[in-house]
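Biologist: I am new to this structure. Could you take me through it in short steps?

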Amino acid sequence: MLTELVTTVFCIVFGIVGYFYYKFRLANRVKAPKDVVIIYQVGRGPRAPSFSPFPMKLETFLRMAKIPYINDHAARFSSKGKTPWIELNGIAVADSQLSIEYLKDTLGLEIDLHLTEEEKAIGRAFLKMTEENLYWTMCIEMFGDNLEPVKSVIPYRGFKLWTTVKLLRWAIRRQTWGHGIGRHTAEEVWAIAVKDLNALSTFLGDKKFLFGDKTSEIDCAIFGMIAQIYWHMPGSKHQVYLQDHLHNLVDYIHRMKDEFWPDWDSVTLEGSTYKSDHGVLYSKKNVISFNNTHNNTTLNGVS
Ligand SMILES: N[C@@H](CCC(=O)N[C@@H](CS)C(=O)NCC(=O)O)C(=O)O
């Protein structure tokens with residue numbers, strides 16, 4: 001009887017608190033003018049603008065395509081239970097790649113005009129290798145036996161850090177088991193990672209960007225992923241291998257950073273000029289430097 005009463009009271013209190021929290025979050029939603037993209041992502045990362053490769057890719061793409069956007073850092077997840085996702089004129093699109101494709105189709109963007117069909121096919125293959133394979137090797141290392149690298153990048157302390165890491169580790173183990181890669185030994189997973197990283201480095205060679213002097217869409221994804229290894233996996237095998245053996249990839253991510261992130265310091269938590277940009281409009285007049293040679297997208301109302 002007492003147990004039932006306690007459970008009922010707990011459920012009611014939990015429900016009321018949850019309801020008001022939900023209302024509070026809805027009331028604090030970022031609002032965007034017409035033709036401005038809202039990008040929903042978890043907050044900024046300590047040493048790079050995100051500690052997830054997918055928002056890094058998507059936000060870099062918005063800058064590359066010169067699309068005005070506003071960040072919502074309230075960590076709202078998409079209808080698919082993942083982050084990042086976007087909204088444009090009231091239409092929500094979940095998944096970084098589907099968002100990019102939606103924007104290209106809807107806005108008629110011609111980002112990769114300089115690529116041949118064969119190059120686009122190669123780009124697609126590298127995208128999938130990086131996001132569906134290399135990414136999981138990174139997750140497996142980050143949430144494996146040595147948790148120090150991951151603890152140093154999650155901006156929490158104490159109990160909150162401990163529970164976050166435990167929960168993420170549990171989720172990653174479930175996901176990698178389902179994927180299949182989580183059934184390999186640590187040595188086998190590491191060998192896969194090295195092959196993927198070497199393939200990227202070999203293909204890049206001494207080119208400035210993956211397909212030559214000009215950036216293309218695929219550079220956003222590769223930059224997003226390698227940036228995580230370099231800035232957010234300190235002391236990990238991935239990071240040490242990149243730093244010691246794959247200098248062209250390290251130079252490449254610095255070139256991408258210079259090209260699209262002139263405001264890097266102010267959008268990384270450990271930057272000396274860091275300031276929250278939740279709700280801040282990025283447009284052509286704002287911080288995006290357009291020294292790249294892509295098309296000049298013009299959108300109604302925002303320049
Ligand atoms: N294919 C997705 C991947 C996004 C993704 O995996 N996001 C992770 C954070 S890095 C996530 O939301 N994980 C939550 C979960 O899997 O439950 C995309 O490109 O957006």
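This is a predicted model: local features need pLDDT of at least 70, side-chain atom pairs count only at pLDDT 80 or more; totals for chains, interfaces and linings use all residues.

Biologist: What percentage of the residues count as buried?

Modeller: A residue is buried if 20 or more other C-beta atoms lie within 10 Å of its own, exposed if 12 or fewer, and partly exposed in between; C-beta atoms are placed from the backbone. The chain has 303 residues. The buried share is 33%.

Biologist: Among contacts between residues at least 6 apart in sequence, what share joins residues at least 24 apart?

Modeller: Two residues are in contact if their C-beta atoms, placed from the backbone, lie within 7 Å. Among contacts between residues at least 6 apart, the share that joins residues at least 24 apart is 72%.

Biologist: How are α4 and α8 oriented to each other?

Modeller: Axes are lines fitted to C-alpha atoms, for helices over the stretch in contact, and angles run from 0 to 180 degrees between N-to-C directions. The axes of α4 (residues 117-142) and α8 (residues 217-232) come within 10 Å and cross at roughly 20°. Angles under 35 degrees count as roughly parallel, over 145 as roughly antiparallel, 65 to 115 as roughly perpendicular and the rest as oblique. Therefore α4 and α8 are roughly parallel.

Biologist: Which residues of α8 make the contact with α4?

Modeller: On the α4 side are G123, F126, L127, T130, E131, L134, Y135 and M138. By class, the contact has 10 nonpolar, three polar and one charged residues. Here Ala, Val, Leu, Ile, Met, Phe, Trp, Tyr, Cys and Pro count as nonpolar, Asp, Glu, Lys and Arg as charged, and the others, Gly among them, as polar. The α8 residues are I218, A221, I222, M225, Q228 and I229.

Biologist: How does α4 lie to α7?

Modeller: α7 covers residues 186-204. Its axis and that of α4 come within 9 Å and cross at roughly 140°. That makes α4 oblique to α7.

Biologist: How many nonpolar residues are in the contact of α4 with α7?

Modeller: From α4, the residues F126, M129, T130, N133, L134, T137 and I140 take part. They meet V189, I192, A193, D196, L197, A199, L200 and F203 of α7. Three residues are polar and one is charged, and the nonpolar ones number 11.

Biologist: Which residues are around the ligand?

Modeller: A residue is near a molecule if its C-beta atom, placed from the backbone, lies within 6 Å of it. By class, this shell has three nonpolar, five polar and two charged residues. The residues are S52, F54, G81, K82, T83, P84, D95, S96, Q97 and A171.

Biologist: Which residue does a cis peptide bond join to T83?

Modeller: Omega of this bond is about 10°. The partner is P84.

Biologist: How far apart in space are D95 and P84?

Modeller: D95 is in the loop between β4 and α3. Beyond its neighbours within four places in sequence, D95 is in contact with K80, K82 and W85. D95 and P84 are 11 residues apart in sequence. From C-alpha to C-alpha, the distance is 6.2 Å.

Biologist: Is G235 buried or exposed?

Modeller: G235 sits in the loop between α8 and α9 (237-245). Leaving aside neighbours within four places in sequence, G235 is in contact with E148 and P149. G235 has 11 C-beta neighbours inside 10 Å, so G235 counts as exposed.

Technical notes. Residues are numbered from 1 along each chain as its sequence is written. Helices (H or I, at least four residues) and strands (E, at least two) are DSSP runs, numbered from the N terminus.
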